[in-house]
Amino acid sequence: MIKTLARSAAAFLLSLPLGAAGMTPAAADEPAVVVLPLAEAVQALPVAAETREGYQRTRFKHWIDADHDSCSTRAEVLIAESRIEPVIEAGCKVTAGLWFSYYDGATLTDPRGLDIDHMVPLAEAWDSGAAQWTPARREAYANDLDADRSLVAVTARTNRSKADQDPAQWLPPLTDARCTYAADWVATKLRWRLAVDEPERQVLGELSAGCGRQTLEYTPAP
């Protein structure tokens with residue numbers, strides 16, 4: 001199982017004062033973690049027009065078993081995000097646990113009520129730069145277990161309500177979740193060097209203005 005949540009480490013990093021470039025030192029063989037105030041991070045996003053020409057969901061191979069332990073990416077996320085020890089049956093079938101869907105504040109014990117949401121949907125990633133990627137990079141994006149917020153377990157109803165929309169078109173129904181959502185969205189786009197369009201950037205800027213001292217962190221994807 002290769003998804004490891006580093007929430008304690010993340011909390012520690014966010015408590016550190018920012019350097020001039022917002023970089024947290026890393027080991028020589030590891031990329032540096034970037035820590036930024038949300039408002040500053042929004043300004044760092046490249047702006048470009050979006051196009052969905054040529055998009056097909058099958059261009060992003062997802063829910064793979066990267067480490068060949070019988071657990072798909074979906075199962076890895078369910079196991080990592082369960083707040084209690086999950087029940088796992090043969091073939092890495094997750095049948096029970098305790099999950100908090102932060103989009104709507106719901107708590108679930110049955111994984112059948114959960115979807116694994118790509119924070120930035122596959123179609124939106126395509127629009128924002130992934131159309132130019134290799135198939136291998138799109139696969140890495142679709143199964144990104146190295147960043148805690150690239151993939152999140154949420155109620156199926158909120159994931160399907162969101163669909164492939166960006167923050168200019170959809171925000172979590174739980175108002176208190178929106179600053180976290182904006183930070184997670186921006187961090188994912190910066191991690192993968194994806195662009196935003198002008199309406200998206202405007203809404204993210206408006207959100208950040210009301211989010212106080214909200215910060216985010218990300219590690220650039222390889």
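1. H68 sits in the loop that runs between α2 and α3 (73-81), where helices (H or I, at least four residues) and strands (E, at least two) are DSSP runs numbered from the N terminus. This is a predicted model, in which local features need pLDDT of at least 70 and side-chain atom pairs count only at pLDDT 80 or more, while totals for chains, interfaces and linings use all residues. Residues are numbered from 1 along each chain as its sequence is written, and side-chain values use heavy atoms, with hydrogens and water left out.

2. Although H68 is not a glycine, it has a positive phi of about 55°. H68 counts as exposed because its relative accessibility is 70%, on a scale where buried means under 20% relative accessible area, exposed over 50%, and partly exposed in between (1.4 Å probe, protein chains only).

3. A163, found in the loop between α6 (156-162) and α7, likewise is not a glycine and has a positive phi, of about 50°. With a relative accessible area of 42%, A163 is partly exposed.

4. The axes of helix α7 (residues 178-191) and helix α8 (residues 198-209) come within 10 Å and cross at roughly 135°; axes here are lines fitted to C-alpha atoms, for helices over the stretch in contact, and angles run from 0 to 180 degrees between N-to-C directions. The two helices α7 and α8 are therefore oblique to each other, given that angles under 35 degrees count as roughly parallel, over 145 as roughly antiparallel, 65 to 115 as roughly perpendicular and the rest as oblique.

5. On the α7 side of this pair, R178, A182, W185, V186 and K189 meet E200, L204 and L207 of α8, contact meaning heavy atoms within 4.5 Å. Sorted by class, the contact of α7 with α8 has five nonpolar, three charged and no polar residues (Ala, Val, Leu, Ile, Met, Phe, Trp, Tyr, Cys and Pro count as nonpolar, Asp, Glu, Lys and Arg as charged, and the others, Gly among them, as polar).

6. The largest nonpolar core has 39 residues, and those with the most contacts inside it include V186 and L204; such a core is a set of buried Ala, Val, Leu, Ile, Met, Phe, Trp, Tyr and Cys residues joined through side-chain atoms within 4.5 Å. Helix α7 gives the most to this core, with seven residues. Apart from it lies another core, of 15 residues, among them A75, I79, C92 and L108.

7. T188 also has its place in helix α7, and at 4% relative accessibility T188 counts as buried. Leaving aside residues up to four places away in sequence, T188 touches M119, V120, Y141, R149 and S150.
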